[in-house]
Amino acid sequence: MNWFTKFLTSSIGQKLVMSLTGLFLISFLVVHLAGNLQLMADDGGVAFNTYAKFMTGNPVIKTISYGLYAMILLHAFQGLALWFKNRKARGSEKYAVKVTRGADGVATSAAKQMAVLGTLILAFLLIHMGDFWWAMKTEAVPMADCGGEPCQDLYTKVYASFKQWWVVAAYIVGMIALAFHLRHGFWSAFQTLGWNHPKYTPAINGAAWVIALVLPVAYAAIPLYMYFALPEMTTVPEMGGIFGS
Amino acid sequence: MIVGSSKSLQTDNCQLTTDNYSKMKLTLKIWRQKNAKSAGKFESHQVVAEEHMSFLEMLDVLNEQLISERKEPVAFEHDCREGICGTCSMVINGHPHGLMQGTTTCQLHMRHFKDGETIAIEPFRAQSFPLIKDLVVDRSAFDRIIQAGGYISVNTGQAPDGNAIPIEKDQALDAFNAAACIGCGACVAACPNSSAMLFTSAKVSHLAQTPQGEIEAQRRVLGMVNQMDEEGFGRCSNVTACEAECPKEISVTNIARMNREYLSASLTSDVMK
């Protein structure tokens, strides 16, 4: 086996793939949130639609988005492969009594459930992308006016979706799973990279808390705001997607 | 610590009596399995122990009892019985080496249990630690990991002067803390993934931080991680149960150090395979 393949498929190499893809996905979460908070701007969706037009039209962003899909798949499939490997390593006979405690400051319960949390997040992603991304790619989205230029009215599509309680509920569940996944994942990514040091670990742990709380709460705020604070839609547009109205 | 009445040590006639120590009646749920191929099951036994006994001494009492009843005694491993050899492997009430932290089974005393308690005793469970009998598992996978690089090469002859090579104090302490690993396998038993990262990283850290070990550091970490993977241990997911259960309290910072060492050795060493 080539040294590089051997390195990447070794136990530490596989973890490194999880760590680097995970950190990349966290950086995406930050950017994605910054853009989507415009959904809460009180302008009838002009800011969001303009932003969405830029994001879907710019070739650089488009290239990065393909990289992002690859990272999501790599993170998910590598994670699944690790889960299977670890299950096998445990052996067929299970403990009748097993208590798992961890080192100080480590979220052991989240750490143990990373695969379950990850699967929940993947399920959420499928719903999320099926509802917006797939609909945007396959259905004719009504047009809107973005400061004199025509653009797809994705704002109304989101608005219509977030007026359905089960969509909001799915988002809340997804974000709770994300919070726990990030709490362990952020710290774990640095530990895998070998970045465990008395000077930096407290800061990394603090950042893990901030990321695990701020990102999911801010994301969940968008559907909650639309569901509770915005008026019912007067005319429901004809749109597809898996929750199509 | 001596628990019991002052009469327990009768120095006047040099007789040690334990009559007044508090006795405890325990129910043991012990895993019994004839060999790797046969199916195992839990067996319940009543045993009367004394609170000053070590856990292994309590098992000795049980085995005496079983032998007197002409039954097969429970097979369990033990050697030094002073907490330094790492032989006494078993999972007690869900914890490798029992509930007490930083303690091996042989140093775990019955005073930490309650009278009338039921204690579940199981072998270390991992695919890479195949069961031999009852509570005894084969941990030779650890030996093979050591053989793959957990050593330093030195010329034979007279023992070198211990202080001939100066080592910075903090680094020496760190290396020493890692060297405290007794290779008992509790980290693997505790890990939900049966990963051997804490053990392997303790050995890597111990040797990489000393001038004598630094010379072969790159080959060592590549060899040991490779062997660890070949033995079929799981992948670390940083649950840190290993650190919490380690009788020598080896820290997961060693795992981070091994990750660094492995990354750097993989990417920069001349080893092409």
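Glu249 of chain B is partly exposed, because 15 other C-beta atoms lie within 10 Å. On that scale, buried takes 20 or more other C-beta atoms within 10 Å of a residue's own, exposed takes 12 or fewer, and partly exposed falls in between, with C-beta atoms placed from the backbone. Glu249(B) sits in the loop between H8 and H9 of chain B. Its phi is positive, about 50 degrees, although Glu249(B) is not a glycine.

Some ground rules. This is a predicted model, so local features need pLDDT of at least 70 and side-chain atom pairs count only at pLDDT 80 or more, while totals for chains, interfaces and linings use all residues. Residues are numbered from 1 along each chain as its sequence is written, and chains are lettered from A and ligands numbered from 1 in the order in which they are written. Helices (H or I, at least four residues) and strands (E, at least two) are DSSP runs, numbered from the N terminus.

Is His97(B) buried or exposed? His97(B) counts as buried, because it has 29 C-beta neighbours inside 10 Å. It is placed in the loop between E6 and E7 of chain B. His97(B) is not a glycine, yet its phi is positive, near 65 degrees.

Now Glu51(B). This residue is in the loop between E4 and H1 of chain B. Glu51(B) is partly exposed, with 18 other C-beta atoms within 10 Å. Along the chain, Glu51(B) and His109(B) are 58 residues apart, but their C-alpha atoms are separated by 6.9 Å.

Next, the sheet in chain B. Which order do its strands take? The order is E4-E3-E7-E5-E6, in an open sheet of five strands with mixed pairing. E4 (41-50) and E6 (95-96) of chain B stand at the edges; each has a single partner strand, so one side of each is left without a neighbour in the sheet. Strands count as paired if DSSP finds at least two bridges between them. E3(B), residues 23-32, pairs with E4(B) in the antiparallel sense over 10 bridges. One pair of partners there is Lys23(B) and Glu50(B), the latter in E4(B).

A helix lies on these strands. H1(B), residues 55-68, lies across E3, E4 and E5 (91-92) of chain B. H1(B) runs at about 105 degrees to E4(B). For such angles, axes are lines fitted to C-alpha atoms, for helices over the stretch in contact, and angles run from 0 to 180 degrees between N-to-C directions.

On to a helix pair. H3(B), residues 169-179, and H5(B), residues 197-208, have axes that come within 8 Å and cross at roughly 150 degrees. H3(B) and H5(B) are therefore roughly antiparallel to each other; angles over 145 degrees count that way, under 35 as roughly parallel, 65 to 115 as roughly perpendicular and the rest as oblique.

Who meets whom? From H3(B), Ala175(B), Ala178(B) and Ala179(B) meet Ala202(B), Ser205(B) and His206(B) of H5(B). By class, the residues of this contact are four nonpolar, two polar and no charged. Nonpolar covers Ala, Val, Leu, Ile, Met, Phe, Trp, Tyr, Cys and Pro; charged covers Asp, Glu, Lys and Arg; the others, Gly among them, are polar.

Over to chain A. Chain A has nine helices and two strands. From the N terminus on, its elements run α-α-α-α-α-α-β-β-α-α-α. Of its 245 residues, 30% count as buried. The C-alpha trace of chain A spans about 60 × 40 × 40 Å along its principal axes.

The strands of chain A form a hairpin. E1(A) and E2(A) have two residues between them, and Gly147(A) in the turn has a positive phi of about 60 degrees. E1(A), residues 143-146, and E2(A), residues 149-152, pair in the antiparallel sense over four bridges. Cys146(A) has Glu149(A) in E2(A) as its bridge partner. The covered face of E1(A) holds Ala144(A) and Cys146(A), and the uncovered face Met143(A) and Asp145(A).

Last, the interface. How many residues of chain B are in contact with chain A? The count is 41 residues of chain B, in contact with 36 residues of chain A. Contact means that the C-beta atoms of two residues, placed from the backbone, lie within 7 Å. On the chain B side, the elements that give two or more residues are E7 (118-122), H7 (217-230), H8 (241-245) and H9 (253-268). H9(B) gives the most, with nine residues. By class, this side has 18 nonpolar, 15 polar and eight charged residues.
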